Amino acid sequence: MSSSQVGLRAWVRSVAAVVLITGVYFVAPLPAARTPGGSPELRTIGFVAGVIVLTWLVSRQVGRALRRERLLAEQLAMLLTVVTLVVAFFAALYFLMANQFHGLRTRLDALYFSVVTLGTIGYGDVVPVGQGAKAVVIVQVMFDLVIVTSALTLIVGGWRSRE
């Protein structure tokens, strides 16, 4: 198989994964933000477990992307999938905590806020006002800066070292 065919297959798989992840995000049964759901301790444990699993998935995907036989197109496609997963994970958390945000009412609002946070843009139209929401935003910013940026750096650095 030619390298262009391999790259094209990687992008097709990545686009399919992005569509699937986004679709699951929009149809998954998430309780309304105002519905009391479990103790704060259980929610915290669930959040921490989710961040740990997400970190593991990102590191596993980066490890796969760094294999010497991987083309740059494959690596970038994998990175797109990882970023989509990170954005959807935090968007779901934001939607679950919508009552702790000003301007966040829908899943699209939550997805938008997650992408804006990843991009460190901060337009100010959606604002965390609750302590829990602020804590989760801090975790996403740190996660994005450390994990996602490290993944991107490793992939680009691995690609450059091949030249």
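On a 1 Å grid over the protein atoms alone, a pocket is an open set of points where a 1.4 Å probe fits, with protein on both sides within 12 Å along at least five of seven lines, and a lining residue has an atom within 4 Å of a point. A volume is the space filled by probe spheres set on the points, which are joined across faces, edges and corners. The model examined here is predicted, so local features need pLDDT of at least 70 and side-chain atom pairs pLDDT 80 or more, while totals for chains, interfaces and linings use all residues. Residues are numbered from 1 along each chain as its sequence is written, and side-chain values use heavy atoms, leaving out hydrogens and water.

A look at the whole protein comes first. Five helices and two strands are present, where helices (H or I, at least four residues) and strands (E, at least two) are DSSP runs numbered from the N terminus. Along the sequence they follow the pattern α-α-α-β-α-β-α. The C-alpha atoms fill a box of roughly 55 × 30 × 30 Å along the principal axes. Of the 163 residues, 36% count as buried, meaning under 20% relative accessible area with a 1.4 Å probe and protein chains only.

Next comes the second largest pocket, which holds about 230 Å³ of space. Its lining includes I21, Y25, G50, L85 and F89. Helix 1 (3-27), helix 2 (40-65) and helix 3 (72-96) each supply at least two lining residues. By class, the lining has eleven nonpolar residues, one polar and no charged; here Ala, Val, Leu, Ile, Met, Phe, Trp, Tyr, Cys and Pro count as nonpolar, Asp, Glu, Lys and Arg as charged, and the others, Gly among them, as polar.

How do two of these helices meet? Helix 1 and helix 3 pack at an angle of about 5°, with their axes 8 Å apart; axes are lines fitted to C-alpha atoms over the stretch in contact, and angles run from 0 to 180 degrees between N-to-C directions. Helix 1 is therefore roughly parallel to helix 3, a label for angles under 35 degrees.

Is T81 buried or exposed? T81 is buried, because its relative accessible area is 16%. Leaving aside residues up to four places away in sequence, T81 touches S14, A17 and I21.

Note on methods: Angles under 35 degrees count as roughly parallel, over 145 as roughly antiparallel, 65 to 115 as roughly perpendicular and the rest as oblique. Buried means under 20% relative accessible area, exposed over 50%, partly exposed in between (1.4 Å probe, protein chains only). Contact means heavy atoms within 4.5 Å.
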